[in-house]
Amino acid sequence: MQKYLFVLLVFLLAACASATGSGTPVVDESAAGLPPSPAEAIASAPDGAAPPPGYEGRTWADIVAEAGGQSVDFYMWGGSELINTWVTEYVAGVVLERYNITLNMVPISDATEYVNKVLGEKEAGRSTGGTVDLVWVNGENFRTMRQGDLLYGNWSQFLPGSAYVNWDDPSVANDFGLPVEGYESPYGKAQFVMIYDSARVSEPPNDVAALVEWIKANPGQFSYAAPPDFTGSAFMRQVCYHAAGGYETLLGEFDQAVFDEASAACWQLLNEIEPFLWREGQTYPENRTRMVDLFANGEVSFDMAYNPAEAASLVENGRYPATTRTFVFDSGTIANTHYVAIPFNSDHKAAAMVVADFLLSPEAQLSKAQPGNWGDLPALDPALLPAEWQGQFAAIPRGEATLSAEELAAHSLPELQAPWITAFEQGWEQEVLQR
């Protein structure tokens, strides 16, 4: 039978409530005992950093001054109300009060929406007055925009906050294998984790093979979002890593012959489990938000996320049961960094850079890492921070549903270069969805 995507009304995650009931996620520096943000950090770029194009001979303070009164249209995935609230309330509130910058979040369902918008403007000769000022990006969309000369750069290493980034980390300096080269600024880190309800699953599978056996023994209790949904795509690649006997043969530049051989085993395994999936595999959840609904409603026993702390956030906000836990496979799970970037034709580059710098600041990264706000892994390296900030990051409550940083790091696997991911996503549609 021809399979199709099951499209339902998407229920957004419940926003976390503040003490005032406004839903604004805030880290109160006085109440939490945070060290104040040093004024000098606002006014100085890292030693030796070259000013961005168009700002030669100017200082960071000059850029901040130019940014005042500008607005930034921030195009980002809008599928999580938790994340949306953190951006529209906390981030927008701070940059307006501190820098007189108006931050407008523009929610999208897929990054191709802003890629196509910027590409269309370039093809129309619109080199200024672009409608997109800042984007949340990584992976194949970053590669597409770089190859199409759609991004402004080199700018990110001039941000004062970039001094707290470990640029020697290959997963930070390279976005899905493509060198960042100052064209995007780190926003957060991610690692794929499996989520389960310990009240329903007493002992989670420790590898893909064991998960396959569990799926077959418990029909209807498992599903994954249809690629190219980023979480569903990550799960699919985890299965393909296993089916290929490891990820090592898939690293480096795309090789069609290697892909054909590795993917054949992957499609065979995914088609093998399909009849045992939710709704007998005749339909797949269309996105991550729908997977959240299925798990929250008890329709499936497993969920999955790119954010290791997302499950704890959903527990804290009453969306998931208190018995929710996470795990990684013994062989490891895929990890990467996500970023923000500035389109080439934005007229508000100064304000976009200031917003990007605030997103990278210790205070914003600490707020973002709180499970009740977002729970995203910090993009900066706490070891590079002053001691008083290191203590604050070490004290972040992780909750029982979040694995330790040490366990995650010990089970981290690299991402593939973007052409591999595109090939796997297209192959899944042809060889699994449409069969």
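Colleague: Does Asn100 count as buried, partly exposed or exposed, and at what relative accessibility?

Modeller: This is a predicted model, and in it Asn100 has a positive phi of about 60° although it is not a glycine. The residue sits in the loop between helix H4 (81-99) and strand S3 (102-108). Buried would require under 20% relative accessible area and exposed over 50%, so Asn100, at 45% relative accessibility, counts as partly exposed.

Colleague: Which class of accessibility does Glu181 fall into?

Modeller: Glu181 has a positive phi of about 50° although it is not a glycine, and its place is the loop between strand S6 (178-179) and strand S7 (185-191). Because its relative accessibility is 46%, Glu181 counts as partly exposed.

Colleague: Where does Asn154 lie, at the end of the peptide bond from Gly153?

Modeller: The peptide bond that runs from Gly153 to Asn154 is cis, with omega near 0°. Asn154 itself is found in the loop between helix H6 (140-147) and helix H7 (170-173).

Colleague: Which residue of strand S10 is the bridge partner of Met194?

Modeller: Strand S8 (residues 193-197) and S10 run antiparallel and are joined by four bridges. Both faces of S10 (residues 302-305) are covered, with Phe302 and Met304 buried on one side and Asp303 and Ala305 buried on the other. The partner of Met194 in S10 is Met304.

Colleague: How many residues does the largest nonpolar core hold?

Modeller: Met194, Phe222, Tyr224, Trp267, Leu270 and Trp428 are the members of this core that touch the most other members. The elements that give two or more residues to the core are S8, H8, H9, helix H10 (256-273), S10 and helix H17 (418-433). A second, separate core of 41 residues includes Ala45, Trp155, Tyr187 and Ala364, whereas the number of residues in the largest core is 45.

Colleague: Which residues does Trp428 touch, leaving aside those up to four places away in sequence?

Modeller: Trp428 is one of the residues that touch the most other members of the largest nonpolar core. With residues up to four places away in sequence not counted, Trp428 touches Tyr224, Ala226, Pro227, Met236, Trp267, Leu270, Tyr284 and Leu433.

Note on methods:
Residues are numbered from 1 along each chain as its sequence is written. This is a predicted model: local features need pLDDT of at least 70, side-chain atom pairs count only at pLDDT 80 or more; totals for chains, interfaces and linings use all residues. Side-chain values use heavy atoms; hydrogens and water are left out. Buried means under 20% relative accessible area, exposed over 50%, partly exposed in between (1.4 Å probe, protein chains only). Two strands pair if DSSP finds at least two bridges between them. A nonpolar core is a set of buried Ala, Val, Leu, Ile, Met, Phe, Trp, Tyr and Cys residues joined through side-chain atoms within 4.5 Å. Contact means heavy atoms within 4.5 Å.
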